[in-house]
Amino acid sequence: MSTQKAQFITLEGVEGAGKSTQKEALCRLLDANGIAYIETREPGGTPYAESIRALLLSHADDAPSAKTELLLMFAARAQHLETKILPALQSGIWVVCDRFTDATYAYQGGGRQLPVDWIETLETLVQGAQRPDLTLIFDVPVEIGLARAGRRGALDRIESEDIAFFERVRAMYQQIASRNIDRVVTLDASADVDTVTETMIAFLMKRWNLSCHPG
């Protein structure tokens with residue numbers, strides 16, 4: 001069992017990057033090493049925040065403006081942090097979260113082309129100094145990712161954006177990785193699933209000094 005402080009781990013990437021599959025593998029690693037954790041996601045993670053998620057992703061005729069979308073993302077995040085993420089971390093429980101504020105920089109800042117300083121202001125307001133301890137970005141060419149996402153079934157409102165939108169999202173994720181080398185690790189998600197998993201697990205075992213492999 002790890003004796004280090006509870007870790008806040010986020011997983012990021014464009015549609016079809018394989019985050020969900022790799023999150024399962026990460027959780028198996030934590031299980032194998034006796035680490036208590038919760039899984040969650042954004043937008044969402046709590047009943048109230050999930051209601052906001054439904055508004056954000058639905059194909060309603062009255063779609064939110066880009067500014068409304070940004071504010072709703074942070075409204076959901078505020079609830080998620082205060083009622084789920086922070087209480088878990090303060091209790092020594094690790095948090096594994098599918099997307100967090102990096103996604104807002106990527107999708108609303110990169111994709112929607114909203115001013116980054118707006119996002120920075122809201123980030124400070126909602127999060128204070130709280131940031132993830134580790135962020136895994138699963139990087140994949142947009143065409144490959146969208147093809148994978150299309151095979152999953154119907155696309156939500158944001159998943160239905162055009163290729164240019166997702167190219168901007170991917171470019172912003174790459175900028176985030178280059179500016180946050182101590183926190184962010186980029187994994188090549190265009191490789192086959194098992195290769196991505198083994199690369200991730202090897203890195204995490206070394207980073208956290210874990211001894212039990214989930215396989």
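**Notes on the predicted model**

1. Asn209 is exposed, at a relative accessible area of 70% (exposed means over 50%, buried under 20%, partly exposed in between; 1.4 Å probe, protein chains only). Asn209 sits in the segment after helix H8 (193–208), and its phi is positive, near 55°, although the residue is not glycine.

2. This is a predicted model, in which local features need pLDDT of at least 70, side-chain atom pairs count only at pLDDT 80 or more, and totals for chains, interfaces and linings use all residues. Residues are numbered from 1 along each chain as its sequence is written, and side-chain values use heavy atoms, without hydrogens and water.

3. Arg99 also has a positive phi, about 75°, and is not a glycine. Arg99 is found in the loop between strand E3 (94–98) and helix H4 (101–111). With 12% relative accessibility, Arg99 counts as buried.

4. The peptide bond from Glu42 to Pro43 is cis, with omega near -15°. Pro43 belongs to the loop between strand E2 (37–41) and helix H2 (47–57).

5. The protein chain holds eight helices and five strands (DSSP runs numbered from the N terminus: helices are H or I of at least four residues, strands E of at least two). From the N terminus the order is β-α-β-α-α-β-α-α-β-α-α-β-α.

6. Buried residues account for 50% of the 215 residues in the protein chain. Of the contacts (heavy atoms within 4.5 Å) between residues at least 6 apart in sequence, 81% join residues at least 24 apart.
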